[in-house]
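Please look over the sequence and the model shown here, and then follow the report below, which takes one part of the structure at a time.

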Amino acid sequence: MSNTELAADTTPSDDSAHGAGADFDLVIRGEHIVTTAGTVAREVGIRAGKIVAIEPLGNNLRGTTTIDLTDEEVLIPGLVDTHVHVNEPGRTEWEGFESATKAAAAGGVTTIVDMPLNSIPPTVNVEALELKQAAARPKAFVDVGFWGGAIPGNKTDLRKLHDAGVFGFKCFLLHSGVEEFPYLEPDEMEDDMGEIASFDSMMLVHAEDSRAIDRAPNAEGDHYDRFLASRPRGAENVAVAEVIERARWTGARAHILHLSSSDALAMIQSAKRDGVKLTVETCPHYLTLLAEEIPDGATAFKCCPPIREASNRELLWKGLEDGVIDCIVSDHSPSTLDLKDIENGDFGVAWGGVASLQLGLALIWTEAQRRGIKLETVLKWMSTRPAEIAGLHHKGAIALGNDADFAFFAPGDSFVVDVNKLHHKNPISPYQGKVLAGKVRRTFVRGTEVDFKTPKGQLIRRGEI
(Lines give C-alpha, C1' and ligand atoms only; values in the text may rest on other atoms or scores of the structure.)
Protein backbone atom coordinates (compact mmCIF):
# COMPACT_ATOMS: atom_id res chain seq x y z
CA MET A 1 0.00 0.00 0.00
CA SER A 2 1.65 3.22 -1.11
CA ASN A 3 0.70 6.77 -0.25
CA THR A 4 0.34 7.61 -3.94
CA GLU A 5 -2.36 4.97 -4.21
CA LEU A 6 -4.25 6.64 -1.36
CA ALA A 7 -4.15 10.27 -2.33
CA ALA A 8 -7.63 11.44 -3.37
CA ASP A 9 -10.23 12.96 -1.05
CA THR A 10 -13.71 11.67 -1.84
CA THR A 11 -16.61 10.87 0.43
CA PRO A 12 -17.56 7.20 0.77
CA SER A 13 -21.05 6.28 -0.40
CA ASP A 14 -23.41 3.80 1.20
CA ASP A 15 -25.17 1.19 -0.91
CA SER A 16 -28.21 -0.21 0.88
CA ALA A 17 -29.69 -2.03 -2.10
CA HIS A 18 -28.58 -5.38 -0.71
CA GLY A 19 -31.06 -5.30 2.17
CA ALA A 20 -33.38 -8.00 0.84
CA GLY A 21 -32.36 -11.32 2.32
CA ALA A 22 -29.34 -9.76 3.98
CA ASP A 23 -27.15 -12.00 6.11
CA PHE A 24 -25.51 -9.10 7.97
CA ASP A 25 -26.50 -5.79 9.51
CA LEU A 26 -23.55 -4.11 7.82
CA VAL A 27 -20.97 -5.10 5.23
CA ILE A 28 -17.85 -3.02 4.62
CA ARG A 29 -15.87 -3.75 1.44
CA GLY A 30 -12.54 -2.42 0.31
CA GLU A 31 -9.11 -2.97 -1.17
CA HIS A 32 -7.32 -1.82 1.99
CA ILE A 33 -8.55 -3.47 5.18
CA VAL A 34 -6.08 -3.92 8.04
CA THR A 35 -6.57 -7.42 9.44
CA THR A 36 -4.40 -9.71 11.50
CA ALA A 37 -3.11 -11.01 8.14
CA GLY A 38 -1.99 -7.53 7.07
CA THR A 39 -3.61 -4.99 4.75
CA VAL A 40 -5.72 -6.99 2.31
CA ALA A 41 -8.78 -6.72 0.04
CA ARG A 42 -11.70 -7.98 2.08
CA GLU A 43 -15.39 -7.84 2.87
CA VAL A 44 -16.28 -7.59 6.55
CA GLY A 45 -19.68 -8.74 7.77
CA ILE A 46 -21.08 -7.31 11.02
CA ARG A 47 -24.02 -8.66 12.99
CA ALA A 48 -25.23 -7.42 16.41
CA GLY A 49 -22.14 -5.25 16.79
CA LYS A 50 -19.64 -8.08 16.22
CA ILE A 51 -17.39 -9.06 13.31
CA VAL A 52 -18.83 -12.37 12.15
CA ALA A 53 -17.34 -12.71 8.64
CA ILE A 54 -14.14 -11.67 6.88
CA GLU A 55 -14.10 -12.83 3.26
CA PRO A 56 -12.05 -12.06 0.13
CA LEU A 57 -13.27 -9.04 -1.80
CA GLY A 58 -15.69 -10.20 -4.48
CA ASN A 59 -17.54 -12.76 -2.37
CA ASN A 60 -20.49 -10.36 -2.29
CA LEU A 61 -21.56 -10.66 1.32
CA ARG A 62 -25.10 -9.34 1.69
CA GLY A 63 -25.74 -6.61 4.25
CA THR A 64 -28.78 -4.55 5.20
CA THR A 65 -26.30 -1.72 4.64
CA THR A 66 -23.20 -2.06 2.50
CA ILE A 67 -20.39 0.48 2.45
CA ASP A 68 -17.59 0.50 -0.10
CA LEU A 69 -14.32 2.11 0.89
CA THR A 70 -12.90 4.56 -1.61
CA ASP A 71 -9.54 3.76 -3.17
CA GLU A 72 -7.69 6.10 -0.82
CA GLU A 73 -9.34 4.85 2.38
CA VAL A 74 -8.09 2.15 4.74
CA LEU A 75 -10.37 0.36 7.19
CA ILE A 76 -8.46 0.24 10.46
CA PRO A 77 -9.35 -1.20 13.86
CA GLY A 78 -10.57 1.47 16.25
CA LEU A 79 -7.78 2.74 18.47
CA VAL A 80 -7.72 1.77 22.14
CA ASP A 81 -6.51 4.62 24.37
CA THR A 82 -5.90 3.31 27.87
CA HIS A 83 -4.63 6.59 29.37
CA VAL A 84 -7.30 9.30 29.36
CA HIS A 85 -8.16 11.80 32.10
CA VAL A 86 -11.81 12.72 31.59
CA ASN A 87 -12.16 14.54 34.96
CA GLU A 88 -15.94 14.18 35.30
CA PRO A 89 -17.50 14.49 37.87
CA GLY A 90 -15.89 17.25 39.87
CA ARG A 91 -13.73 18.95 37.26
CA THR A 92 -15.97 18.75 34.21
CA GLU A 93 -14.86 22.24 33.20
CA TRP A 94 -11.46 20.64 32.45
CA GLU A 95 -13.01 17.87 30.35
CA GLY A 96 -16.17 15.78 30.42
CA PHE A 97 -17.34 12.49 28.98
CA GLU A 98 -19.28 14.13 26.15
CA SER A 99 -16.40 16.26 24.89
CA ALA A 100 -13.73 13.61 25.53
CA THR A 101 -15.55 10.78 23.78
CA LYS A 102 -16.43 13.00 20.82
CA ALA A 103 -12.75 13.90 20.53
CA ALA A 104 -11.86 10.21 20.75
CA ALA A 105 -14.27 9.27 17.97
CA ALA A 106 -13.06 12.10 15.74
CA GLY A 107 -9.54 10.72 16.12
CA GLY A 108 -10.46 7.11 15.38
CA VAL A 109 -10.38 6.05 19.03
CA THR A 110 -13.29 3.70 19.79
CA THR A 111 -12.37 2.68 23.35
CA ILE A 112 -10.94 4.73 26.20
CA VAL A 113 -10.01 3.68 29.71
CA ASP A 114 -10.40 6.55 32.13
CA MET A 115 -7.85 7.37 34.82
CA PRO A 116 -8.93 7.51 38.50
CA LEU A 117 -7.96 11.18 38.84
CA ASN A 118 -8.60 14.16 38.31
CA SER A 119 -12.28 13.66 38.95
CA ILE A 120 -13.79 14.42 42.35
CA PRO A 121 -14.08 12.02 44.03
CA PRO A 122 -11.20 9.99 42.59
CA THR A 123 -11.95 6.37 41.70
CA VAL A 124 -10.49 4.85 44.87
CA ASN A 125 -13.57 2.97 46.09
CA VAL A 126 -16.67 1.39 44.59
CA GLU A 127 -18.91 4.32 45.51
CA ALA A 128 -16.70 6.73 43.56
CA LEU A 129 -16.60 4.31 40.61
CA GLU A 130 -20.39 4.21 40.54
CA LEU A 131 -20.56 8.02 40.53
CA LYS A 132 -18.19 8.14 37.57
CA GLN A 133 -20.10 5.44 35.71
CA ALA A 134 -23.35 7.35 36.26
CA ALA A 135 -21.73 10.49 34.83
CA ALA A 136 -20.36 8.64 31.78
CA ARG A 137 -23.29 6.39 30.90
CA PRO A 138 -25.56 8.96 29.16
CA LYS A 139 -22.72 10.85 27.47
CA ALA A 140 -20.35 8.25 25.97
CA PHE A 141 -19.89 8.35 22.18
CA VAL A 142 -17.30 5.54 22.38
CA ASP A 143 -16.86 2.62 24.77
CA VAL A 144 -15.50 3.61 28.18
CA GLY A 145 -13.74 1.55 30.85
CA PHE A 146 -12.18 2.62 34.14
CA TRP A 147 -8.96 2.22 36.10
CA GLY A 148 -9.05 2.26 39.88
CA GLY A 149 -6.69 4.21 42.09
CA ALA A 150 -4.21 2.99 44.72
CA ILE A 151 -3.59 5.57 47.44
CA PRO A 152 -2.51 5.37 51.09
CA GLY A 153 -5.20 3.64 53.14
CA ASN A 154 -7.38 2.08 50.43
CA LYS A 155 -5.80 -1.38 50.24
CA THR A 156 -9.06 -3.00 51.39
CA ASP A 157 -10.91 -1.30 48.50
CA LEU A 158 -8.71 -2.76 45.76
CA ARG A 159 -10.35 -6.18 45.57
CA LYS A 160 -13.81 -4.59 45.72
CA LEU A 161 -12.94 -2.29 42.80
CA HIS A 162 -11.52 -5.25 40.88
CA ASP A 163 -14.74 -7.21 41.40
CA ALA A 164 -16.68 -4.11 40.24
CA GLY A 165 -14.84 -4.27 36.91
CA VAL A 166 -11.89 -1.86 36.94
CA PHE A 167 -9.04 -2.92 34.64
CA GLY A 168 -6.24 -2.30 37.15
CA PHE A 169 -4.90 0.32 39.52
CA LYS A 170 -2.90 3.50 39.14
CA CYS A 171 -0.55 4.97 41.72
CA PHE A 172 1.94 7.82 41.90
CA LEU A 173 5.40 7.82 43.44
CA LEU A 174 5.31 11.61 43.89
CA HIS A 175 2.69 14.33 44.31
CA SER A 176 -0.05 13.70 41.75
CA GLY A 177 -0.91 17.37 41.23
CA VAL A 178 -4.22 17.10 43.10
CA GLU A 179 -4.59 16.81 46.87
CA GLU A 180 -7.33 14.16 46.82
CA PHE A 181 -5.05 11.57 45.17
CA PRO A 182 -1.96 11.23 47.42
CA TYR A 183 1.07 9.24 46.36
CA LEU A 184 2.43 5.94 47.65
CA GLU A 185 5.85 5.41 49.14
CA PRO A 186 7.64 2.52 47.40
CA ASP A 187 7.00 0.18 50.36
CA GLU A 188 3.28 1.02 50.22
CA MET A 189 3.29 0.35 46.48
CA GLU A 190 4.91 -3.03 47.09
CA ASP A 191 2.29 -3.87 49.71
CA ASP A 192 -0.51 -3.02 47.27
CA MET A 193 1.25 -4.97 44.50
CA GLY A 194 1.22 -8.03 46.72
CA GLU A 195 -2.52 -7.56 47.23
CA ILE A 196 -3.39 -7.15 43.55
CA ALA A 197 -1.12 -10.03 42.54
CA SER A 198 -3.45 -12.29 44.54
CA PHE A 199 -6.24 -11.61 42.03
CA ASP A 200 -4.00 -11.04 38.98
CA SER A 201 -4.67 -7.36 38.52
CA MET A 202 -2.10 -4.80 37.40
CA MET A 203 -0.40 -1.77 38.96
CA LEU A 204 0.09 1.24 36.69
CA VAL A 205 2.74 3.61 38.00
CA HIS A 206 3.53 7.26 37.41
CA ALA A 207 7.24 6.64 37.82
CA GLU A 208 9.07 9.75 39.02
CA ASP A 209 10.88 9.68 42.36
CA SER A 210 9.62 12.24 44.85
CA ARG A 211 12.96 12.69 46.62
CA ALA A 212 14.83 13.28 43.35
CA ILE A 213 12.23 15.85 42.29
CA ASP A 214 12.45 17.58 45.69
CA ARG A 215 16.21 18.03 45.22
CA ALA A 216 15.96 19.23 41.62
CA PRO A 217 16.06 22.93 40.66
CA ASN A 218 12.90 25.03 40.83
CA ALA A 219 10.82 25.26 37.65
CA GLU A 220 9.70 28.85 38.22
CA GLY A 221 9.75 31.15 35.19
CA ASP A 222 9.05 31.09 31.49
CA HIS A 223 12.19 29.22 30.33
CA TYR A 224 11.49 25.62 29.33
CA ASP A 225 15.02 24.51 30.14
CA ARG A 226 14.42 25.37 33.80
CA PHE A 227 11.29 23.24 33.85
CA LEU A 228 13.16 20.39 32.15
CA ALA A 229 15.88 20.57 34.80
CA SER A 230 13.20 20.37 37.51
CA ARG A 231 12.08 16.92 36.25
CA PRO A 232 15.42 15.19 35.55
CA ARG A 233 15.73 11.83 33.83
CA GLY A 234 17.31 10.51 37.01
CA ALA A 235 14.03 10.92 38.91
CA GLU A 236 12.29 8.79 36.31
CA ASN A 237 15.08 6.21 36.18
CA VAL A 238 15.14 5.69 39.97
CA ALA A 239 11.36 5.27 40.07
CA VAL A 240 11.32 2.81 37.15
CA ALA A 241 13.97 0.77 38.96
CA GLU A 242 11.75 0.72 42.07
CA VAL A 243 8.78 -0.51 40.05
CA ILE A 244 10.83 -3.25 38.42
CA GLU A 245 12.23 -4.61 41.68
CA ARG A 246 8.91 -4.45 43.57
CA ALA A 247 7.21 -6.24 40.66
CA ARG A 248 10.00 -8.83 40.67
CA TRP A 249 9.60 -9.45 44.42
CA THR A 250 5.80 -9.61 44.46
CA GLY A 251 5.16 -11.28 41.09
CA ALA A 252 2.62 -8.58 40.29
CA ARG A 253 1.96 -7.26 36.82
CA ALA A 254 3.31 -3.70 36.54
CA HIS A 255 2.90 -1.07 33.85
CA ILE A 256 5.09 2.01 33.46
CA LEU A 257 3.01 5.01 32.43
CA HIS A 258 4.13 7.67 29.93
CA LEU A 259 7.83 6.77 29.71
CA SER A 260 9.88 9.79 28.68
CA SER A 261 13.42 8.87 29.76
CA SER A 262 15.25 6.73 27.22
CA ASP A 263 17.85 6.02 29.92
CA ALA A 264 15.40 3.56 31.47
CA LEU A 265 15.13 1.38 28.37
CA ALA A 266 18.11 -0.84 29.20
CA MET A 267 16.81 -1.80 32.64
CA ILE A 268 13.30 -2.34 31.23
CA GLN A 269 14.70 -4.65 28.58
CA SER A 270 16.71 -6.51 31.20
CA ALA A 271 13.67 -6.89 33.48
CA LYS A 272 11.54 -8.25 30.65
CA ARG A 273 14.29 -10.70 29.76
CA ASP A 274 14.33 -11.83 33.40
CA GLY A 275 10.60 -12.55 33.28
CA VAL A 276 9.37 -9.59 35.31
CA LYS A 277 5.73 -8.97 34.35
CA LEU A 278 6.33 -5.50 32.98
CA THR A 279 4.76 -3.44 30.20
CA VAL A 280 5.55 0.12 29.17
CA GLU A 281 3.78 2.91 27.33
CA THR A 282 4.88 6.21 25.84
CA CYS A 283 2.91 9.09 24.34
CA PRO A 284 2.70 11.14 21.12
CA HIS A 285 4.21 14.23 22.74
CA TYR A 286 7.40 12.38 23.64
CA LEU A 287 7.65 10.99 20.10
CA THR A 288 6.86 14.14 18.11
CA LEU A 289 7.98 17.18 20.12
CA LEU A 290 11.45 18.38 21.10
CA ALA A 291 12.65 20.29 24.16
CA GLU A 292 14.99 22.32 21.95
CA GLU A 293 12.03 23.75 20.00
CA ILE A 294 9.73 24.76 22.87
CA PRO A 295 9.43 28.57 23.03
CA ASP A 296 9.70 30.55 26.25
CA GLY A 297 6.37 30.76 28.04
CA ALA A 298 4.73 28.04 25.90
CA THR A 299 3.01 26.25 28.77
CA ALA A 300 0.84 24.25 26.35
CA PHE A 301 3.94 22.01 26.13
CA LYS A 302 4.17 21.38 29.88
CA CYS A 303 3.59 17.78 30.95
CA CYS A 304 5.04 15.46 33.58
CA PRO A 305 7.36 13.75 32.95
CA PRO A 306 8.55 16.36 30.47
CA ILE A 307 9.19 16.44 26.75
CA ARG A 308 12.93 15.85 26.39
CA GLU A 309 15.67 16.39 23.83
CA ALA A 310 15.96 15.19 20.23
CA SER A 311 18.47 12.46 21.06
CA ASN A 312 16.10 11.11 23.70
CA ARG A 313 13.21 11.08 21.23
CA GLU A 314 15.20 8.99 18.74
CA LEU A 315 15.93 6.39 21.39
CA LEU A 316 12.25 6.19 22.37
CA TRP A 317 11.38 5.40 18.75
CA LYS A 318 14.06 2.71 18.75
CA GLY A 319 12.59 1.34 21.98
CA LEU A 320 9.23 1.01 20.26
CA GLU A 321 10.67 -0.67 17.19
CA ASP A 322 12.67 -3.07 19.37
CA GLY A 323 9.59 -3.97 21.44
CA VAL A 324 10.99 -2.62 24.71
CA ILE A 325 8.16 -0.06 24.77
CA ASP A 326 4.85 -1.83 24.20
CA CYS A 327 2.37 0.83 23.15
CA ILE A 328 1.47 4.46 22.49
CA VAL A 329 -1.41 6.13 24.35
CA SER A 330 -2.39 9.77 24.71
CA ASP A 331 -2.15 10.60 28.43
CA HIS A 332 -4.84 13.12 27.54
CA SER A 333 -4.61 15.41 30.57
CA PRO A 334 -6.50 18.64 29.88
CA SER A 335 -7.26 21.60 32.09
CA THR A 336 -8.88 25.00 31.83
CA LEU A 337 -6.97 27.75 30.03
CA ASP A 338 -6.33 29.72 33.22
CA LEU A 339 -4.66 26.70 34.85
CA LYS A 340 -2.20 26.63 31.94
CA ASP A 341 -1.17 30.16 33.03
CA ILE A 342 -1.14 31.38 29.43
CA GLU A 343 -0.99 35.03 30.46
CA ASN A 344 2.27 34.69 32.40
CA GLY A 345 3.73 31.56 30.79
CA ASP A 346 5.19 30.35 34.08
CA PHE A 347 6.18 26.68 33.81
CA GLY A 348 6.39 26.44 37.59
CA VAL A 349 2.73 27.42 38.00
CA ALA A 350 0.99 25.98 34.90
CA TRP A 351 -0.90 22.68 34.97
CA GLY A 352 1.14 19.85 33.51
CA GLY A 353 -0.76 18.00 30.83
CA VAL A 354 -1.21 17.76 27.06
CA ALA A 355 -4.63 17.35 25.43
CA SER A 356 -4.17 15.17 22.35
CA LEU A 357 -6.91 12.55 22.35
CA GLN A 358 -8.24 13.59 18.94
CA LEU A 359 -4.83 13.95 17.31
CA GLY A 360 -2.85 10.89 18.37
CA LEU A 361 -3.18 8.78 15.22
CA ALA A 362 -2.34 11.65 12.88
CA LEU A 363 0.60 12.72 15.04
CA ILE A 364 2.15 9.26 15.11
CA TRP A 365 1.34 8.50 11.46
CA THR A 366 2.98 11.78 10.38
CA GLU A 367 6.18 10.86 12.20
CA ALA A 368 6.03 7.17 11.28
CA GLN A 369 5.80 7.91 7.56
CA ARG A 370 8.96 9.99 7.80
CA ARG A 371 10.69 7.01 9.40
CA GLY A 372 9.41 4.40 6.94
CA ILE A 373 7.22 2.70 9.56
CA LYS A 374 4.11 0.97 8.22
CA LEU A 375 0.56 1.83 9.23
CA GLU A 376 0.08 -1.75 10.47
CA THR A 377 2.90 -1.21 12.96
CA VAL A 378 1.38 2.06 14.19
CA LEU A 379 -1.92 0.26 14.73
CA LYS A 380 -0.21 -2.50 16.69
CA TRP A 381 1.17 0.18 19.03
CA MET A 382 -2.05 2.20 19.29
CA SER A 383 -4.79 -0.45 19.14
CA THR A 384 -3.71 -4.07 19.46
CA ARG A 385 -1.16 -3.80 22.27
CA PRO A 386 -3.12 -1.38 24.50
CA ALA A 387 -6.12 -3.71 24.21
CA GLU A 388 -3.99 -6.74 25.11
CA ILE A 389 -2.38 -5.02 28.09
CA ALA A 390 -5.71 -3.89 29.54
CA GLY A 391 -7.30 -7.30 28.89
CA LEU A 392 -9.75 -6.01 26.27
CA HIS A 393 -9.74 -9.30 24.38
CA HIS A 394 -12.63 -8.35 22.09
CA LYS A 395 -11.03 -5.14 20.82
CA GLY A 396 -7.86 -3.92 19.11
CA ALA A 397 -8.01 -5.84 15.82
CA ILE A 398 -10.27 -6.55 12.86
CA ALA A 399 -10.77 -10.23 13.65
CA LEU A 400 -13.65 -12.69 13.88
CA GLY A 401 -15.60 -12.34 17.11
CA ASN A 402 -14.25 -8.91 17.97
CA ASP A 403 -16.37 -5.82 18.44
CA ALA A 404 -17.00 -4.07 15.13
CA ASP A 405 -14.93 -1.02 16.07
CA PHE A 406 -13.47 0.68 12.99
CA ALA A 407 -12.26 3.92 11.51
CA PHE A 408 -12.17 4.92 7.86
CA PHE A 409 -8.68 6.39 7.60
CA ALA A 410 -7.25 8.32 4.65
CA PRO A 411 -3.46 8.11 5.15
CA GLY A 412 -2.71 10.43 2.23
CA ASP A 413 -4.90 13.29 3.44
CA SER A 414 -3.51 16.12 5.53
CA PHE A 415 -4.86 18.91 7.73
CA VAL A 416 -3.73 21.84 9.84
CA VAL A 417 -4.43 21.61 13.58
CA ASP A 418 -6.90 24.29 14.67
CA VAL A 419 -7.70 24.10 18.39
CA ASN A 420 -11.03 25.81 17.81
CA LYS A 421 -12.16 22.88 15.63
CA LEU A 422 -11.21 20.13 18.08
CA HIS A 423 -13.81 18.50 20.33
CA HIS A 424 -11.63 18.91 23.43
CA LYS A 425 -13.35 21.23 25.88
CA ASN A 426 -10.48 23.73 26.23
CA PRO A 427 -8.88 25.13 23.04
CA ILE A 428 -5.19 24.79 23.77
CA SER A 429 -2.65 22.45 22.18
CA PRO A 430 1.11 22.36 21.59
CA TYR A 431 0.21 21.19 18.07
CA GLN A 432 -1.68 24.34 17.08
CA GLY A 433 -0.88 25.18 13.44
CA LYS A 434 0.98 21.93 12.83
CA VAL A 435 0.37 20.15 9.50
CA LEU A 436 -0.46 16.49 10.09
CA ALA A 437 -0.87 13.55 7.72
CA GLY A 438 -3.86 11.22 7.80
CA LYS A 439 -7.53 11.95 8.37
CA VAL A 440 -10.19 9.90 10.10
CA ARG A 441 -13.32 10.21 7.97
CA ARG A 442 -15.79 7.94 9.77
CA THR A 443 -15.78 6.02 13.04
CA PHE A 444 -17.88 2.98 13.98
CA VAL A 445 -18.35 1.60 17.48
CA ARG A 446 -19.86 -1.90 17.65
CA GLY A 447 -21.01 -1.58 14.05
CA THR A 448 -22.80 1.75 14.49
CA GLU A 449 -21.40 4.94 13.02
CA VAL A 450 -20.68 7.74 15.50
CA ASP A 451 -22.88 10.68 14.47
CA PHE A 452 -21.66 13.10 17.21
CA LYS A 453 -25.29 13.75 18.15
CA THR A 454 -26.56 10.64 19.92
CA PRO A 455 -24.17 8.92 22.36
CA LYS A 456 -24.25 5.15 21.83
CA GLY A 457 -21.02 4.06 23.49
CA GLN A 458 -21.16 1.49 26.25
CA LEU A 459 -19.49 1.23 29.63
CA ILE A 460 -17.19 -1.77 29.73
CA ARG A 461 -15.69 -3.74 32.58
CA ARG A 462 -12.84 -6.15 33.11
CA GLY A 463 -13.56 -9.70 32.07
CA GLU A 464 -16.31 -8.96 29.57
CA ILE A 465 -16.26 -11.06 26.41
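Just after helix 3, residue G165 takes a positive phi of about 110°. Helices (DSSP runs of H or I, at least four residues) and strands (runs of E, at least two) are numbered from the N terminus. The model is a predicted one, in which local features need pLDDT of at least 70 and side-chain atom pairs count only at pLDDT 80 or more, while totals for chains, interfaces and linings use all residues. Residues are numbered from 1 along each chain as its sequence is written, and side-chain values use heavy atoms, with hydrogens and water left out.

Helix 3 itself covers residues 155–163, and within it D157, L158, L161 and H162 are buried, where buried means under 20% relative accessible area with a 1.4 Å probe and protein chains only. Seen down the helix axis, these buried residues fall within an arc of 140°, so they line one face of helix 3; the arc is that of the directions from the helix axis to the C-beta atoms. The buried residues pack against helix 2 (126–136), strand 10 (148–149), strand 11 (169–172) and helix 4 (186–197), with contact meaning heavy atoms within 4.5 Å.

Two strands count as paired if DSSP finds at least two bridges between them, and strand 7 is joined to strand 8 (residues 109–114) over 4 bridges in the parallel sense; V84 has D114 of strand 8 as its bridge partner.

The other open sheet has 6 strands in the order 10-11-12-13-14-15, again with parallel pairing, and its edge strands, strand 10 and strand 15 (327–328), each pair on one side only. Strand 14 (residues 278–282) runs parallel to strand 15 and is joined to it by 2 bridges, and E281 stands opposite C327 in strand 15. Helix 7 (residues 233–250) lies across strand 12, strand 13 (253–256) and strand 14, and runs at about 170° to strand 13, where axes are lines fitted to C-alpha atoms, for helices over the stretch in contact, and angles run from 0 to 180 degrees between N-to-C directions.

M203 is found in strand 12 (residues 202–206) and is buried, with a relative accessible area of 0%. Leaving aside residues up to four places away in sequence, M203 touches several others, among them F169, C171, M189 and H255. M203 and W147 are 56 residues apart in sequence and 9.9 Å apart in space, C-alpha to C-alpha.

N312 lies in helix 10 (residues 310–321) and also counts as buried, at 2% relative accessibility. Not counting residues up to four places away in sequence, N312 touches R233, S260, S261 and S262.

## An enclosed helix

In helix 11 (residues 360–370), 8 of the 11 residues are buried, so this helix is largely enclosed by the rest of the structure. The buried residues of helix 11 include L361, I364, W365 and E367. Just after helix 11, G372 takes a positive phi of about 75°.

Definitions and conventions: Buried means under 20% relative accessible area, exposed over 50%, partly exposed in between (1.4 Å probe, protein chains only).
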